[in-house]
Amino acid sequence: MAGRRAWTGAGALLALLALRALRAAAHPQCLDFRPPFRPPQPLSFCAQYSAFGCCAPEQDAALARRFWALAARVDAGVWAACAGYALDLLCQECSPYAAHLYDAEDPSTPLRTVPGLCEDYCLDLWQTCRGLFRHLSPDHKLWALEGNRAKFCRYLSLDDTDYCFPRLLVNENLNSNLGRVVADAQGCLQLCLEEVANGLRNPVAMVHAQDGTHRFFVAEQVGLVWAYLPDRSRVERPFLNISRAVLTSPWQGDERGFLGLAFHPHFRHNGRLYVYYSVGLDFHEWIRISEFRVSEDDMNAVDHSSERIILEIEEPAANHNGGQLLFGDDGYLYIFTGDGGMAGDPFGKFGNAQNKSALLGKVLRIHVDRTERDPPYRIPPDNPFVGDPDARPEVYALGVRNMWRCSFDRGDPASGAGRGRLFCGDVGQNKFEEVDLVERGRNYGWRAREGFECYDLKLCANASLDDVLPIFAYPHKLGKSVTGGYVYRGCEYPNLNGLYIFGDFMSGRLMSLRESPGTGQWQYSELCMGRGQTCEFPGLINNYYPHIISFAEDEAGELYFMSTGVPSATAARGVIYKIIDPSRRAPPGKCQIQPAQVKVGSRLIRFVPKEKFIRRPESTPPPTARAPTKVPRRGRPTAPPPVPTPRPTRRIPRPARPTPHPARPTRRPGGRRVSGRRRGRPGTENSAPLNGAVRLVRPAGLSPGRGRVEVFAGGRWGTVCDDGWDIKATAVVCRQLGFAHAVRATKGAEFGEGRALPILLDDVRCGGDEKTLLECRHAGLGTHNCSHEEDAGVICSQEDPDRGRG
């Protein structure tokens with residue numbers, strides 16, 4: 001007996017001290033169906049689970065009381081021989097695998113009253129201490145088997161013998177990495193999700209007011225903002241509704257709309273909030289930054305008459321609109337604009353992003369606190385280009401293509417390390433997506449550079465560029481439209497602390513970066529949904545819609561992301577998910593919040609989750625999974641699995657190969673591409689083309705009816721040269737595409753060059769009544785004396801462009 005106790009005591013303790021992180025097959029779970037945790041202080045009774053388990057000191061004390069109550073009921077002689085067994089059995093409620101030991105994972109089976117035992121241990125226990133079970137368990141079936149050792153131990157066995165006690169204590173697969181974030185065989189970190197809200201139309205932002213109420217506010221692209229209470233019920237009336245002013249459309253990929261929302265740091269006292277949205281009149285479009293105030297009569301509604309326009313910036317195209325608003329610790333408002341759209345930042349000699357006198361392609365910083373006699377905003381005195389006559393004083397950083405979702409790091413909860421760092425995902429052009437750390441006065445390279453590579457060779461070779469390289473970049477084999485995220489600084493999941501979590505709108509990948517303290521390099525890990533039973537906790541799911549639109553942080557610092565199955569501003573397919581680590585949680589009670597009271601003057605709509613757990617044998621890949629690749633290293637091919645791109649010590653410009661511009665999927669808010677469908681009809685697939693069919697291909701985000709003309713002839717698609725191209729030819733194309741009016745014929749590859757395609761038509765002369773361009777006069781199919789720099793395009797409309805004009 002002494003030898004047995006030495007094994008189960010000292011041996012078990014040594015085994016448990018070796019617990020580190022969990023391999024893919026393991027699934028730690030407590031009897032409350034939640035992950036294990038590290039107790040806030042050592043346990044005095046079940047001391048072997050002080051490092052990691054399922055008992056807080058209160059539960060440990062309750063087990064100790066049960067132990068001594070049992071001792072009082074058992075004969076002293078029996079107790080002397082069996083106390084060790086009683087300690088073993090009671091303390092398995094503290095095991096990180098308690099749910100396995102007690103069959104608590106399967107809600108269809110009754111909860112065991114005694115943990116599942118390994119056969120050899122049970123046979124030994126039965127031999128001398130089987131009488132204990134009448135005091136440990138109320139199970140009369142177990143009592144009835146007391147006289148039959150084989151049936152008794154079979155009754156106490158587990159189907160999965162890897163988890164039986166005490167074998168699980170020395171099972172290397174279960175104990176080698178216990179308590180750390182689980183990685184599968186490919187190194188993909190396995191997390192789970194919890195559904196928080198659903199039925200949303202392209203949810204572009206979720207923010208909190210930092211007012212102690214723990215409400216969260218969700219903005220839809222159409223121009224509505226909804227208020228949610230901490231219990232996830234939604235106020236029936238919108239918090240804000242500017243849908244009549246917001247410029248957007250139902251077309252998949254339209255990047256215009258309501259794009260950003262931020263609450264003033266002192267919102268609790270001044271009730272001020274700021275919005276970023278698209279506006280248009282005729283063929284002119286611009287972005288608007290406005291201030292609103294909350295209603296004096298209803299804290300869940302904005303006073304719509306309070307709008308004060310702070311800043312407007314003209315947009316030369318309908319894409320690359322930026323959209324992020326953030327307040328920093330300095331109290332200033334940070335505004336993130338896109339480069340103006342189209343492709344390759346074609347505006348001016350160096351593009352908008354490198355032009356300090358332009359507000360597009362920048363991070364702006366302004367001071368919005370003012371008196372009635374002040375201008376709409378003031379310039380912070382330490383803005384980097386104050387006093388530079390060739391720069392706008394609002395500019396904080398430049399060289400930005402289209403930063404879609406940025407965030408300030410809250411800093412480590414204990415040390416504050418990292419606080420104030422500004423992370424941004426910048427959507428790429430043809431090859432790479434990147435994540436940047438934005439700092440005052442720095443140049444982030446666009447259009448000279450895309451990721452770590454040169455994009456514009458001449459600009460890239462300019463010694464005065466002095467650009468900052470991203471902390472991470474990945475190729476388009478991994479994803480084609482980055483969605484920036486957050487560094488996790490919440491309370492509930494300690495293992496995630498310091499992990500920057502972001503995603504990709506096109507591939508549906510969830511990704512992460514973690515900084516190496518010694519080197520400052522960022523280590524990449526993909527995030528997957530947990531395999532097998534990893535996410536089979538009550539209320540958790542292991543799947544999500546593929547188009548990752550945005551990330552969010554609640555008032556307590558927990559992380560969320562928003563995605564949709566149909567990326568249209570009018571499709572109510574958006575869902576908000578909370579990110580869950582199934583391997584470890586904070587100790588019970590540590591993360592409790594006490595929200596300030598909210599007066600609700602409208603009916604509340606109770607949240608009803610709709611998403612379901614999907615049982616899969618392996619970890620769930622991204623919804624539109626593609627083979628993972630390494631991130632780019634100069635001069636090296638990409639290959640699986642993805643690893644971070646280290647920051648090069650020297651930047652050597654390389655000749656940039658000309659990149660073909662085939663018809664690509666369009667992008668939605670922030671420059672993200674959506675499905676491969678074209679914008680001819682909302683949500684419909686193109687049928688097989690007929691000879692003479694035409695299509696419009698345009699830079700991402702432009703409204704329907706604008707684009708480069710491509711014609712199908714001789715079994716292939718090709719472009720049309722602009723020699724002789726006029727409004728009559730435009731009328732033929734517009735009529736084919738179902739538009740009522742031809743507005744303008746465009747020349748000189750105004751909507752981009754179709755270098756990936758042959759030139760099929762040149763010297764086109766139309767009367768305007770032809771059914772297709774092939775019926776017009778032309779030089780002959782495939783015969784031309786032009787280049788793709790002369791690709792023709794059109795602007796069509798359903799409305800008469802001359803109506804209402806003086």
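Two strands pair if DSSP finds at least two bridges between them. With that rule, strand E10 (residues 284-294) and E11 pair in the antiparallel sense over nine bridges. Helices (H or I, at least four residues) and strands (E, at least two) are DSSP runs, numbered from the N terminus.

Some ground rules. This is a predicted model, so local features need pLDDT of at least 70, side-chain atom pairs count only at pLDDT 80 or more, and totals for chains, interfaces and linings use all residues. Residues are numbered from 1 along each chain as its sequence is written, and side-chain values use heavy atoms, with hydrogens and water left out.

Back to the sheet. E10 and E11 belong to an open sheet of four strands, in the order E8-E9-E10-E11. The pairing in it is antiparallel. Strand E8 (258-263) and strand E11 (302-315) are the edge strands. Each pairs on one side only. Neighbouring strands here are turned by 25° against each other on average, direction ignored. A word on angles: axes are lines fitted to C-alpha atoms, for helices over the stretch in contact, and angles run from 0 to 180 degrees between N-to-C directions.

Next sheet. Four strands again, open, antiparallel, in the order E12-E13-E14-E15. Strand E12 (324-327) and strand E15 (395-398) stand at the edges with a single partner strand each, so one side of each has no neighbour in the sheet. The twist averages 20° from one strand to the next. E12 and E13 run antiparallel and are joined by four bridges. Gln 324 has its bridge partner, Phe 336, in E13.

Now the helices. Two packed helices are described by the angle between their axes and the distance between the axes. Start with helix H2 (residues 57-73) and helix H3 (residues 76-91). Their axes come within 11 Å and cross at roughly 155°. That makes H2 roughly antiparallel to H3. The cut-offs: angles under 35 degrees count as roughly parallel, over 145 as roughly antiparallel, 65 to 115 as roughly perpendicular, and the rest as oblique. The crossing of H2 and H3 is right-handed. Handedness works like this: left-handed if the near helix is turned anticlockwise from the far one by less than a right angle, right-handed if clockwise.

Who makes the contact, meaning heavy atoms within 4.5 Å? From H2 come Leu 63, Arg 66, Phe 67, Leu 70 and Ala 71. From H3 come Trp 79, Ala 83, Ala 86, Leu 87 and Leu 90. By class, the contact of H2 with H3 has nine nonpolar residues, no polar and one charged. For the classes, Ala, Val, Leu, Ile, Met, Phe, Trp, Tyr, Cys and Pro count as nonpolar, Asp, Glu, Lys and Arg as charged, and the others, Gly among them, as polar.

H3 also packs with helix H5 (residues 119-129). The angle is about 135°, with the axes 10 Å apart. H3 and H5 are therefore oblique to each other. Their crossing is left-handed. H3 contributes Ala 81, Cys 82, Tyr 85, Asp 88 and Leu 89. H5 contributes Tyr 121, Asp 124, Leu 125, Thr 128 and Cys 129. The contact of H3 with H5 divides into seven nonpolar, one polar and two charged residues.

On to the loops. Val 181 sits in the loop between helix H9 (172-175) and strand E1 (182-183). Is Val 181 buried or exposed? Buried, with a relative accessible area of 18%. Buried means under 20% relative accessible area, exposed over 50%, partly exposed in between (1.4 Å probe, protein chains only). Val 181 and Leu 496 are 315 residues apart in sequence, yet 7.8 Å apart in space, C-alpha to C-alpha. Leaving aside neighbours within four places in sequence, the contacts of Val 181 include Leu 189, Asn 495, Leu 496 and Asp 581.

Last, backbone geometry. A cis peptide bond joins Phe 165 and Pro 166, with omega about 5°. Pro 166 is in the loop between helix H8 (149-155) and H9. The bond from Trp 446 to Arg 447 is cis too, with omega near 10°. Arg 447 lies in the loop between strand E18 (432-438) and strand E19 (449-450).

Two aspartates have positive phi. Asp 103 has phi near 55°, and lies in the loop between helix H4 (98-101) and H5. Asp 103 counts as partly exposed, at 30% relative accessibility. Asp 345 has phi near 45°, and lies in the loop between strand E13 (333-336) and strand E14 (362-366). Asp 345 counts as buried, at 0%.

Conventions:
Contact means heavy atoms within 4.5 Å.
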